[in-house]
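Hello,

Here is the structure I promised to pass on, with my notes below it. Please have it open while you read.

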Amino acid sequence: MADVLTVGDLEERVALVDKLMQDGKIAFLQEYTARKKKEVAHHGEEPENA
């Protein structure tokens with residue numbers, strides 16, 4: 001997936017993003033990163049995998 005998003009042609013990237021949106025993976029990642037940012041703000045430290 002990372003290869004398609006970084007070096008794939010436009011049609012491949014669009015198709016992959018559409019699939020990720022339909023599967024709910026993009027929404028999940030958005031929620032996950034928002035939670036991690038709140039944790040960092042609350043604890044005042046940067047998590048290792050954020």
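How many salt bridges does the structure hold? There are two, where a salt bridge is a side-chain nitrogen of Lys or Arg within 4 Å of a carboxyl oxygen of Asp or Glu. Before the details, please note that this is a predicted model, in which local features need pLDDT of at least 70 and side-chain atom pairs count only at pLDDT 80 or more, while totals for chains, interfaces and linings use all residues. Residues are numbered from 1 along each chain as its sequence is written, and side-chain values use heavy atoms, with hydrogens and water left out.

Now for the two bridges. Side chains of opposite charge can pair when their charged atoms come close. Lys19 is bridged to Asp23, with 2.9 Å between the closest N and O atoms. Lys19 counts as partly exposed because its relative accessibility is 47%, and Asp23 is also partly exposed, at 42%. For these labels, buried means under 20% relative accessible area, exposed means over 50%, and partly exposed is in between (1.4 Å probe, protein chains only). The other bridge joins Glu39 to Lys36, whose closest N and O atoms are 3.3 Å apart. Both of these residues sit in helix α3, three residues apart, which is about one turn of the helix. Glu39 has a relative accessible area of 36%, so Glu39 is partly exposed.

As for the overall fold, the protein chain has three helices and zero strands, in the order α-α-α from the N terminus. Helices (H or I, at least four residues) and strands (E, at least two) are DSSP runs, numbered from the N terminus. Of the 50 residues in the chain, 10% count as buried. The chain exposes about 4,500 Å², and carbon and sulfur atoms supply 56% of that area; accessible areas come from the Shrake-Rupley method with a 1.4 Å probe, and for residues only the protein chains shown count as cover.

Helix α2 covers residues 10–22. Its 13 residues reach 18 Å from first C-alpha to last, close to the 18 Å expected at 1.5 Å a residue (the expected span being 1.5 Å times one less than the number of residues). Just after α2, Gly24 takes a positive phi of about 80 degrees.

Which aromatic pair turns up in a search of the whole structure? One pair is found: the rings of Phe28 and Tyr32 are stacked, because their centres are 6.3 Å apart and their planes are at 25 degrees. Rings of Phe, Tyr and Trp (its six-membered ring) pair if their centres lie within 6.5 Å; planes under 30 degrees apart count as stacked, over 60 as edge-to-face and the rest as tilted. Phe28 and Tyr32 both belong to helix α3 (residues 25–43), four residues apart. Phe28 is partly exposed at 46% relative accessibility, and Tyr32 is partly exposed at 24%.

Happy to talk any of this through.

Best wishes
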